[in-house]
Amino acid sequence: MSIPLFLLFIFSHYYLTTTESKYIAYNTSQGTVPGKLNIHLVPHTHDDVGWLKTVDQYYVGANNSIRGACVQNVLDSVIQALFADKNRKFIYVEQAFFQRWWRQQSETLKIRVKELVKAGQLEFINGGMCMHDEATPHYIDMIDQTTLGHRFIKKEFDQVPRVGWQIDPFGHSAVQAYLLGAELGFDALFFARIDYQDRAKRLDDKTLEVVWRGSKSLGSTSQIFTGIFPRHYDPPDGFVFDINDVSPPIQDDMSLFDYNVQERVDDFVAAAVAQANVTRTNHIMWTMGTDFRYQYANTWFKEMDKLIHYVNKDGRVNALYSTPSIYTDAKYVTNESWPVKTDDFFPYADHPNAYWTGYFTSRPAFKGYVRMMSGYYLAARQLEFLKGRSNLGHNTDALADALAIAQHHDAVTGTQRQHVANDYAKRISMGYDEAEELVASSLACLAESASKTKCGNPVAKLDQCPLLNISYCPPSEINLSPGKSMVLLVYNPLGWKRADVIRLPVISESVSVHDSRGREIETQLIPITNASLNLRNKYVKAYLGKSPSVTPKYLLAFVASAPPLGFSTYIISSVKSPGSFSTLSTMYSSLGNENDTIEVGQGNLKLTYAVGARKLTRYSNSRSLVNTDINQSYIFYSAKDGSGVDPQASGAYIFRPNGAHPIKTEEQVPLIVYRGPILDEVHEQINTWISQITRIYKGKEHVEVEFTVGPIPLDDGSGKELAAQITTSLKNNKTFYSDSNGRDFIKRILDYRPDWELQVNQPVAGNYYPINLGIYMEDDKTEFSVLVDRSVGGSSLEEGQIELMLHRFFLSSFVFIGFCHDRLDSELMDHTSLLIYDEVFFLSYRRFEHDDSRGVGEVLNETVCVLNKCTGLTIQGKFYFRIDPLGEGAKWRRSVGQEIYSPLLLAFTEQDRDNWTNSNLLTYSCMDPSYNLPDNVAMVTLQELDDGKVLLRLAHLYESGEDKDLSSLASVEVKKLFLGRKITNIIETNLSANQEKLAMERKKLHWKVAGSENNESQVVRGGPVDPEKLVVELGPMEIRTFVIGFEIIFAQ
């Protein structure tokens, strides 16, 4: 054997010493080739807009002890690599990062980058400010953040993104497909994460690429071609070319050792053929990149240049630089018939015991804060338009940017590290501060503009109460001296007149309230409990750095009404003694009455409680004749800690329970009932860390439950996940319905998936779904609905029962400072709206010992600190429920859902004598006084743009067949929406307002589908808008977007 080896050494030495290195011009110009397998190499980076580091830390490359990621290096490096070869291509998604980079570039470089974009070398995909999550955001937030990015791209580059690229969110919603896909004008949608069982079946059936019809109401008119990657969004094994990656580079210099061109070409062809075997047609996509790659882009492009050159010289397959748009066009021309997908891709599991359903609830405080600020942003934009936008004064831009970033799939999800959560909250808080000033000046300006043609600088200073959820409102807590009174402006951001109950903390029972006509209205005084005061005092101290200066005695409750897109005025005055309309609540205590039952409710709706058991037992409505048993309780799930045969633990992403434990009401604590002419309240102390107030309002036919949870006890050393359960006598046959991002409701069946035969491994976590609006069930007689005030996880695990997980909190082996820290004078503490971040919550509590090993590397353990003492976070939130005859629940879900998302906005000022009421408008509406929006239509956007044009979105609230009356074509008279303004032009656009609707429709790809093309129900959509009549029609689930030009005719 020694002789052949010696001869081989002689031959190799002779070959290497007689071969010279030389320049190789790589041919990368190849396009697609008919009849061959085409491998579309798509260079990309996935840049999280915050996760382990904050958005700015990721951008500048700071805090690299956590991760060496620097997005500005990615963009710098990629741009230079694209300049080097006109055939190279790259796609970019996150405009929050790109805008930061763009602002820092010279005009010369900007011109060259625009040339790259025009030539198709640099393509913007998806195009939103972030890659938003699909489980936990509200659809309005998804639209807003996408519009912000799309309009930037249109303004700077005159480009319209064609493809959705949701590669990393943890499951995918129906709303993403039809609304944030087809209705944007996207030709395709691509992503990576689906359930491991679903993926296995699709690989076998070659159904990774489908036509997705996400809305049963809009059907094929809003379908989208959808591609699911065979495994993840990185390249096949062996083809990752970042610095220090282990993939072998192509060594094509024959003068050097380890020449491997043919070996690497063979590897490439083998991987391509393997993927082709699970993909239809002769086109496959390789996603050449992953998280924060291309910081040194040449390492990638150099290797891809070589691959394309040598693979195409080999000739067995064809490789090319490509983008998702090129790939989509190639798929389309094959004329293939594609399988149809309906519903959604929830829940997502990547392992038998790893269901990503915990993040539906993680960080409920932050979720509540985002949802509340979303509704506030909607109202603030309306007022900004009504006053007149100013780029120099206060505006909504900072809040818009902060909320856009917060929709990221590691932001509102609650799956970021704590310091990143702090950063998101701080940005929203700063945006709120700016918007709060705008709202105050706009309302004052509108009130003072009775005789003016244009809003100027208002004289009055209006205050707001962002901490009203914890009964803290300094404007209402003042001691009104004789001759002084408090003016309350109540703004209604909805398009129809409404009346809601307002509750304000006051220091005395000697108060009266008058409406805008000077009539005293009925009020009710409800004592503030010691528990509420303790909560108020703790959190005011935590976030403002000071204790409240006074202690209110009562909550003053009264019914306030306001016109559509307008305000009403109420005057709160001090009186010597309670007037005839001011009623002190009567109190009932169960102490000593253990054998009694008690009925609460002032109107048609009544609840019955068993006093001895201290629990709700009966629900009855005298109008609808619904009369049924009902019970409401709490349980907690012990969190799996990572021990055992399968070490998978619960964490920020994953819900893995280790047993359920019902929570019994402590017997020694009495049930307290407060009654009055406005509402009844039932106060229950479940145990030392769970309490709730159940309210029934006179004139309303639903139940409101306000819960307070925390701090979670740690004495048993177990992580806990708290859930609320409401149990009825309905027989729902394992079937229930949950919403998709606040829009369509999707049918769910326990332990069932419509696309494959489910192997049940986690019977609880595997049946949890995201809830943003509500969840309901029905039997042959009744339907039971529950609405929420933020994103939560929920299910129906037992007959007649709805379960909502209210909070998650894990144990850690170290003391966590929490997001407030102890720097009470810091800028974080100065932004008082952070209190809402911590106090306005809805979800239950989970405490865990271990991370779930999905990358965040930090235990989810939120705390609040006062005077250096840190305790687990207390969560306060609400849910609402109602039982209706079958077929009658949709109107309540849709109308009250709107009211929850867009609460009345309150602003206060003090007046001396009658100086305010004598010199200001007391009622105002921007709409014709005879007009309201139809009951089935909402105005989801009214916003003045930078160019002075106005963005208007109108949404039909109902699905087809959802309601016998309201699931019909609706008409809106646009002229009547804007009193005193003449519409000079109106253009209908796509959803993100970056192209005209007609242009979008002309470019639309019409995909062939297999099977039931003609079995679809008829879709109802609104017709073209007559420019003279200006009547907009909307079919079920349709959203229509317009850009409008105005001329102001007169002041109102």
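A residue counts as buried under 20% relative accessible area, as exposed over 50%, and as partly exposed in between (1.4 Å probe, protein chains only). The structure is a predicted model, in which local features need pLDDT of at least 70 and side-chain atom pairs count only at pLDDT 80 or more, while totals for chains, interfaces and linings use all residues. Residues are numbered from 1 along each chain as its sequence is written, and side-chain values use heavy atoms, with hydrogens and water left out.

Cysteines were examined for disulfides, a disulfide being a pair of cysteine sulfur atoms within 2.5 Å. The count comes to 2 disulfides. One joins C865 and C870, with 2.1 Å between the sulfur atoms. This link of C865 and C870 is right-handed, with 105° about the S-S bond. C865 is buried, at a relative accessible area of 3%. C870 is partly exposed, at 30%. The other disulfide joins C465 and C473, whose sulfur atoms lie 2.0 Å apart. The torsion about the S-S bond of C465 and C473 is about 60°, so this disulfide is right-handed too. C465 is buried at 14% relative accessible area, and C473 is buried at 0%. C130 is buried, with 1% relative accessibility.

Rolling a probe the size of a water molecule over the atoms shows where empty space is left. On a 1 Å grid over the protein atoms alone, a cavity is a set of points where a 1.4 Å probe fits but cannot get out, and lining residues have an atom within 4 Å of a point. Grid points are joined across faces, edges and corners, and a volume is the space filled by probe spheres set on the points. The whole structure holds 10 cavities of 30 Å³ or more. The largest cavity has about 180 Å³ of space. Its lining has 18 residues, and H138, L773, G897, Q898 and Y901 lie nearest the centre. Two elements, β36 (782-788) and α18 (890-901), each give two or more residues to this lining. Helices (H or I, at least four residues) and strands (E, at least two) are DSSP runs, numbered from the N terminus. The largest share of the lining, 6 residues, comes from α18.

The second largest cavity has a volume of about 100 Å³. Its lining has 13 residues, and E209, I228, P230, Q275 and Y327 lie nearest the centre. Here β7 (224-228) and β8 (283-288) are the elements that give two or more residues.

Charged pairs complete the picture. A salt bridge is a side-chain nitrogen of Lys or Arg within 4 Å of a carboxyl oxygen of Asp or Glu. The whole structure has 58 salt bridges. In one of them, E681 pairs with R695, the closest N and O atoms being 2.8 Å apart. E681 lies in strand β28 (residues 679-687) and R695 in strand β29 (residues 690-697), so the pair ties together parts that are 14 residues apart in sequence. Both E681 and R695 are buried. R389 and D397 also meet in a salt bridge (2.8 Å, N to O). R389 is buried at 16% relative accessibility, whereas D397 is partly exposed at 34%. D198, R202, K341, D343 and D755 are linked in a network of salt bridges.

Notes
On a 1 Å grid over the protein atoms alone, a cavity is a set of points where a 1.4 Å probe fits but cannot get out, and a pocket is an open set with protein on both sides within 12 Å along at least five of seven lines; lining residues have an atom within 4 Å of a point.
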